[in-house]
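Welcome! Have a look at the structure below, and then we can go through some questions together.

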Amino acid sequence: MSAFENNSVCLYGFLGLMYKHDLVYLTEDASHDAVIELINEEAFGPGRFTRAAARIREQGPHDRTLSFICADDGETIASVRMTPVLAGSVKGHLLGPLAVRPSHKNQGIGRELVRIAVEAAKRKGSEAVILVGDPPYYDPLGFEKVAYNALTFPGPVDANRVLVVPIAADTHERLHGSIVWRDGSVPAVVAEDEDANEMVPLTAIAV
Ligand SMILES: CC(C)(COP(=O)(O)OP(=O)(O)OC[C@H]1O[C@@H](n2cnc3c(N)ncnc32)[C@H](O)[C@@H]1OP(=O)(O)O)[C@@H](O)C(=O)NCCC(=O)NCCS
């Protein structure tokens with residue numbers, strides 16, 4: 001059982017000693033909005049609003065229950081957001097932006113945020129986690145290439161950077177067509193076992 005699943009405190013002493021950090025991963029809430037904006041501005045600059053993925057995010061809100069921040073000693077230093085999307089006929093989630101402050105890069109924080117977000121999406125019944133990103137970073141985290149040009153974004157993307165964690169068995173077959181925002185308050189799939197779909201807010205994973 002992972003730290004996320006049992007919502008317990010998990011201490012990685014080695015990392016803590018190495019970097020003298022007190023890291024906690026939390027479910028995003030509105031109090032994080034301003035600092036997340038600053039982190040994304042620092043990471044991506046003004047061009048971030050013109051990206052094709054940003055155009056999808058403009059269509060509707062992200063899902064806070066699947067979006068997470070990392071705080072170091074109370075200061076938010078990294079963020080990942082997830083937006084519900086319909087991609088072809090797949091009811092999935094678009095991962096991003098993912099950003100870690102320069103002071104905290106290369107300590108596994110980005111990877112951990114992706115892991116937590118993907119795990120949370122699976123628990124919520126999402127059929128896929130999709131993103132536009134660098135394959136060398138995301139492939140080891142379970143992402144696979146989407147068939148070349150299978151998805152049409154509301155703007156140009158490099159088709160080689162469109163990646164997916166397929167959750168439903170036939171995800172790849174159904175990832176054909178346009179990708180648009182969808183209303184995430186409607187469950188992606190109806191869970192046979194309601195407990196399996198129950199979300200636990202992440203409030204206390206310390207690293
Ligand atoms: C990309 C980013 C989120 C990675 O977060 P991080 O916490 O520093 O990364 P992690 O500690 O989890 O992983 C570090 C490893 O990933 C590698 N890595 C970082 N960015 C990479 C990239 N774009 N492509 C391939 N590898 C990358 C590092 O070289 C390092 O490799 P190593 O473990 O072999 O030394 C962070 O650098 C960042 O915020 N960048 C600016 C915004 C951005 O590009 N976001 C991603 C959009 S797709």
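What follows is a set of questions and answers about the terms used for this structure.

Q: How do you know which features of this predicted model may be described?
A: This is a predicted model, in which local features need pLDDT of at least 70 and side-chain atom pairs count only at pLDDT 80 or more, while totals for chains, interfaces and linings use all residues. Residues are numbered from 1 along each chain as its sequence is written.

Q: What makes a stretch of the chain a helix or a strand?
A: Both are DSSP runs numbered from the N terminus: helices are H or I runs of at least four residues, and strands are E runs of at least two. The protein chain has 7 helices and 10 strands.

Q: Why is Leu 95 called buried?
A: A residue is buried if 20 or more other C-beta atoms lie within 10 Å of its own, exposed if 12 or fewer, and partly exposed in between, with C-beta atoms placed from the backbone. Leu 95 has 29 C-beta neighbours inside 10 Å, so it counts as buried. You will find Leu 95 in strand E4. Of the 207 residues in the protein chain, 35% are buried.

Q: Why is Asp 73 called exposed?
A: Asp 73 has 10 C-beta neighbours inside 10 Å, and therefore counts as exposed. Asp 73 sits in the loop between E2 and E3. Its phi is positive, about 50°, although Asp 73 is not a glycine.

Q: What makes Asn 149 count as exposed?
A: Asn 149 counts as exposed because it has 11 C-beta neighbours inside 10 Å. The loop between strand E6 (144–145) and strand E7 (151–152) holds Asn 149. Asn 149 is not a glycine, yet has a positive phi of about 60°.

Q: Which residues does Leu 95 touch, leaving out those up to four places away in sequence?
A: Two residues are in contact if their C-beta atoms, placed from the backbone, lie within 7 Å. Not counting residues up to four places away in sequence, Leu 95 touches Val 80, Met 82, Val 114, Ala 117, Val 129, Ile 130 and Leu 131. Leu 95 and Ala 117 are 22 residues apart along the chain, and their C-alpha atoms are separated by 8.1 Å.

Q: What makes a group of residues a nonpolar core, and which members touch the most others in the largest one?
A: A nonpolar core is a set of buried Ala, Val, Leu, Ile, Met, Phe, Trp, Tyr and Cys residues joined through C-beta atoms within 7 Å. The largest one has 45 residues, of which Ala 78, Leu 95, Leu 113, Ala 117, Ile 130 and Val 164 touch the most other members. Among the elements that each supply at least two residues of this core are strand E3 (75–87), strand E4 (90–100), helix H5 (109–124) and strand E8 (162–166). H5 gives the largest share, 8 residues. In soluble globular proteins, nonpolar side chains tend to be buried together.

Q: How do you know that the length of H5 agrees with its number of residues?
A: The expected span of a helix is 1.5 Å times one less than its number of residues. The 16 residues of H5 should therefore span 22 Å, and its end C-alpha atoms are 23 Å apart, which agrees. After H5 comes Gly 125, with a positive phi near 90°.

Q: What makes E5 and E8 paired strands?
A: Two strands pair if DSSP finds at least two bridges between them. E5 and E8 have 5 bridges and pair in the antiparallel sense, with Val 132 opposite Val 162 in E8. E6 and E8 also run antiparallel, joined by 2 bridges, and Lys 145 stands opposite Leu 163 in E8.

Q: What makes both faces of E8 count as covered?
A: Val 162, Val 164 and Pro 166 on one side and Leu 163 and Val 165 on the other are all buried. In a regular strand the side chains alternate between the two faces of the sheet.
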